[in-house]
Amino acid sequence: MKGRIPVAILLLLILAAVLTLVLARYGYEFQDRDAIMAPTSAQHLTGTDELGRDRTVRVAAALLIGLTGATAAAAITTLIATCFGLLAAFSTRWVAIALLLVSDLFLSLPWLFLLMMARSLLPLTASPSETAVTTFLVLAALGWPACARAIFRGAVQLRSAEWMIQGHACGLKTRQLVRLHLLPHLQSLFLPQFLVCVPAFIVAEANLGALGLGVGEPMPSWGSMLLELDNSALLARSHWVYLPIVLLVAVLLILESLTSKVETNA
Amino acid sequence: MRLLLTAALRAGRILLLMLLAGAGTILLVRFAPGFFSDEREMDAKYAQAVQTELNQETEQAQSLRLIAIREVKSWLHGDFGESRQYHVPVAELVGARLRVSGLLLGQGLGYGWLLAFCTALPVSALRKGAQIWGLPFTILLAVPTAAMATACILAETGGPVVVLSLLIAAREFKFLRSLLEGAWHSPYLLQGRAQGLAPQALVRMHILPNVAPQLGALATLSIVTALGAFVPIEVIFNVPGLGQLAWSAVMNRDLPVLVAVSLLMALVIGFAGMLSTHDFTLEAA
């Protein structure tokens, strides 16, 4: 029962964000020139930013973009990690050493530094949606090593299981053994690894965005919304400026509790 | 003899890690769109013939082999080449900022670990309420570094060291608590308690020596965390350190600076990993 509460809160937040976007009179990029840095009103429930854009709509869009992007990136990263881990576990010794050395290299260098490098070296003239896709793809491309290590360890342990030897003896090929027997056994590893990646990617996007390397304007993201906190004029006018950070922390806490629950059960 | 061989192998691993980090950075930057664009191309005063020469010069400079040779030469020379944006030797740039970042990292790691350990030790011994005591660290863990730094600036309290310390403390508290919980509930400790040993004695004589190897490994992870976090912290607080230099190099596609910072990071992490390895410590003893 306890485990369902965070899921329910998260679903409610997503539902609220979707309804906000569907029922909103303006898009997230619409600039109301008559309401620059406006306080709370009937038109703009949580006020507007320095360009007159509705904050409620932008926060709702940032929540959905952040969650969708991070979830998709986590799924890709888990897939890459699975392929990498299984390849290392079932290939020759030297190939395994080379693959593990690559993952060691990625693990040993600071993640944010790598992300910053990879993200900033991409085209300068990209559209906001392209920057969003690129940002989350870069996250997915760099987030796999720790997950791959865990899957590699799990696969190596199962490699010498009796049912694997039996399968070999029955003439099954390695590919069939992996698909029919190993992957179902490793399922308990995938979900925690996937869930760990989601909040990590949301935080990484927020940090990248705060450095000006995240999702491009006018598309809203957690990172770009954090940049609003640098505007002292905006801070003096409305406390709603803190809404994105409060919501971000709430979402991360929900995901964290969900991850802990799944890890405990696994 | 065996000790020397182990040390040589570990040193070789660090060297390989550094080489791969350097090669990876060169590859990444080489294939970055727009990396070789020259501002002279946009200047109308240059005639078509000069533009063609510029294009030829760029094509030559784009050769991966030539870039690698030039970088290796600059490493061997000791100045790590010349910065594209500041036009000064990279060694000079890095050297001036090394102390600032070293101090920030050292203080952040020291205070962070002190805070995490001093809280995790009593909390791990609790039978009830451990979750509530750990709640502030869970909340801190959910706050992105950049947001924490911005909040400090807005509140006009704390600085880069406070943010880095809080981040390290939040990350390590969870691991330290579970590590120490395991130690508190181990049979030999129950025996010690039953014999009436004071908690201080239990910690000094039994818990600390038993968790020391894991603490070493955890410390290495802390260094990686701190090296990742100090970039946004230095940028937001405007600290003239290596993190700020790395960020500015990334924004301006300054390859020599990027390679130097990557090599430095690989070296620090390689050394930290080597020193924290359990069997190396045992062999040295």
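This is a predicted model: local features need pLDDT of at least 70, side-chain atom pairs count only at pLDDT 80 or more; totals for chains, interfaces and linings use all residues.
Local features need pLDDT of at least 70, side-chain atom pairs count only at pLDDT 80 or more, and totals for chains, interfaces and linings use all residues. Residues are numbered from 1 along each chain as its sequence is written, while chains are lettered from A and ligands numbered from 1 in the order in which they are written.

Start with confidence. The predictor gives the complex an ipTM of 0.75 and a pTM of 0.81. Each residue also has a pLDDT, the predictor's confidence in it from 0 to 100. Chain A has a mean pLDDT of 85, and 94% of its residues reach 70 or more. In chain B the mean is 80, and 85% of residues reach 70 or more.

Now take chain A. It has 11 helices and 0 strands. Helices (H or I, at least four residues) and strands (E, at least two) are DSSP runs, numbered from the N terminus. The C-alpha trace of chain A spans about 75 × 45 × 25 Å along its principal axes. Within chain A, confidence is highest in helix 2 (residues 55–90), at a mean of 93, and lowest in helix 4 (residues 111–120), at 70.

Helix 8 of chain A, residues 174–210, deserves a look. A straight helix of 37 residues would span 54 Å at 1.5 Å a residue, but helix 8 of chain A spans only 46 Å between its end C-alpha atoms. The expected span is 1.5 Å times one less than the number of residues. Helix 8 of chain A bends by about 50° at Gln187(A). That bend is the angle between axes fitted to the seven residues ending there and the seven starting there. Just after helix 8 of chain A, Gly212(A) takes a positive phi of about 85°.

Next, the interface. In all, 34 residues of chain B are in contact with 29 residues of chain A; two residues are in contact if their C-beta atoms, placed from the backbone, lie within 7 Å. Helix 9 (199–237) of chain B is one of the helices that each supply at least two residues of the side touching chain A. Helix 9 of chain B gives the most to that side, with 6 residues. The residues on that side of chain B divide into 28 nonpolar, 5 polar and 1 charged. Here Ala, Val, Leu, Ile, Met, Phe, Trp, Tyr, Cys and Pro count as nonpolar, Asp, Glu, Lys and Arg as charged, and the others, Gly among them, as polar.

Finally, look at packing inside chain B. The axes of helix 9 and helix 10 of chain B come within 7 Å and cross at roughly 90°. Axes are lines fitted to C-alpha atoms, for helices over the stretch in contact, and angles run from 0 to 180 degrees between N-to-C directions. Helix 9 and helix 10 of chain B are therefore roughly perpendicular. Angles under 35 degrees count as roughly parallel, over 145 as roughly antiparallel, 65 to 115 as roughly perpendicular and the rest as oblique. Residues making this contact include Phe230(B) of helix 9 of chain B and Trp247(B) of helix 10 of chain B. Helix 4 (residues 90–125) of chain B packs on helix 10 of chain B at about 135°, with their axes 8 Å apart.
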